[in-house]
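Morning, everyone. I'd like to walk you through one fold today. Please bring the structure up on the screen.

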Amino acid sequence: MTDTATTGRALPHPEREEIRLEAVLHALSDPMRLRIVSELAGPGVELSCSHFDLPVTKSTTTHHFRVLRESGVIRQIYRGTAKMNALRRDDLDGLFPGLLDSLLTAAARQSLRLAARTGT
């Protein structure tokens, strides 16, 4: 639930029971969005949008965050002027046990494999 008493700016989020597997998979199918989720995957991690240095335009970055929020993958709240992002791990793990961990593990393995192949 977004705290509108202190911010006055609430962002729409799906309720837990409204989160759909196909929307989550779509959101996580994009490399930039998967990168964002990977950075948010640590316990208790909450990061501002400005923390992420993505190789895309600001408007594209905003789009990626909106897709993640509207699919139920992340929760966004305003703290002062910063829009903070947190992974909705409890909701995702409750609805789709093991999915998030499997995807994050697969993404990390792919990243290592591709880095070894290119020598970076």
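At what angle do helix H3 and H4 pack, and how far apart are their axes? The angle is about 70 degrees, and the axes are 10 Å apart. Axes here are lines fitted to C-alpha atoms, for helices over the stretch in contact, and angles run from 0 to 180 degrees between N-to-C directions. H3 covers residues 31-40.

Before I go on, the ground rules. This is a predicted model, where local features need pLDDT of at least 70 and side-chain atom pairs count only at pLDDT 80 or more, while totals for chains, interfaces and linings use all residues. Residues are numbered from 1 along each chain as its sequence is written, and side-chain values use heavy atoms, with hydrogens and water left out.

Now the overall picture. The protein has six helices and three strands. Both are DSSP runs numbered from the N terminus: helices are H or I with at least four residues, strands are E with at least two. Starting at the N terminus, the order is α-α-α-β-α-β-β-α-α. Along the principal axes, the C-alpha atoms fill a box of roughly 50 × 30 × 25 Å.

The cut-offs: under 35 degrees is roughly parallel, over 145 roughly antiparallel, 65 to 115 roughly perpendicular, and the rest oblique. The H3 and H4 crossing is right-handed. Handedness works like this: left-handed if the near helix is turned anticlockwise from the far one by less than a right angle, right-handed if clockwise. From H3, Met 32, Arg 33, Ile 36 and Val 37 meet His 63, His 64, Phe 65, Val 67 and Leu 68 of H4. Contact means heavy atoms within 4.5 Å. Those residues split into six nonpolar, two polar and one charged. For that count, Ala, Val, Leu, Ile, Met, Phe, Trp, Tyr, Cys and Pro are nonpolar, Asp, Glu, Lys and Arg are charged, and the others, Gly among them, are polar.

Next, H2. Which way does it run against H4, parallel or antiparallel? Helix H2, residues 21-28, and H4, residues 58-71, have axes that come within 9 Å and cross at roughly 160 degrees. They are therefore roughly antiparallel. H2 passes H4 in a left-handed crossing. H2 brings Ala 23, Val 24, His 26, Ala 27 and Leu 28, and H4 brings Val 67, Leu 68 and Ser 71. That contact has six nonpolar residues, two polar and no charged.

H2 also packs on helix H6, residues 99-118, at about 20 degrees, with the axes 12 Å apart. So these two are roughly parallel. Their crossing is right-handed. Leu 21, Val 24, Leu 25 and Leu 28 of H2 meet Leu 99, Leu 100 and Leu 103 of H6. Here the tally is seven nonpolar, no polar and no charged.

On to the sheet. Three strands make an open sheet in the order E1-E3-E2, with antiparallel pairing. Strands pair if DSSP finds at least two bridges between them. E1 (46-48) and E2 (74-79) are the edge strands, each pairing on one side only. Neighbouring strands are turned by 30 degrees against each other on average, direction ignored.

E2 and E3, residues 82-87, are joined by six bridges. Ile 74 has Leu 87 as its bridge partner in E3, and Tyr 78 has Lys 83. The two strands form a hairpin with two residues between them, and Gly 80 in the turn has a positive phi of about 65 degrees. E1 and E3 pair over three bridges. There, Glu 46 stands opposite Ala 86 of E3.
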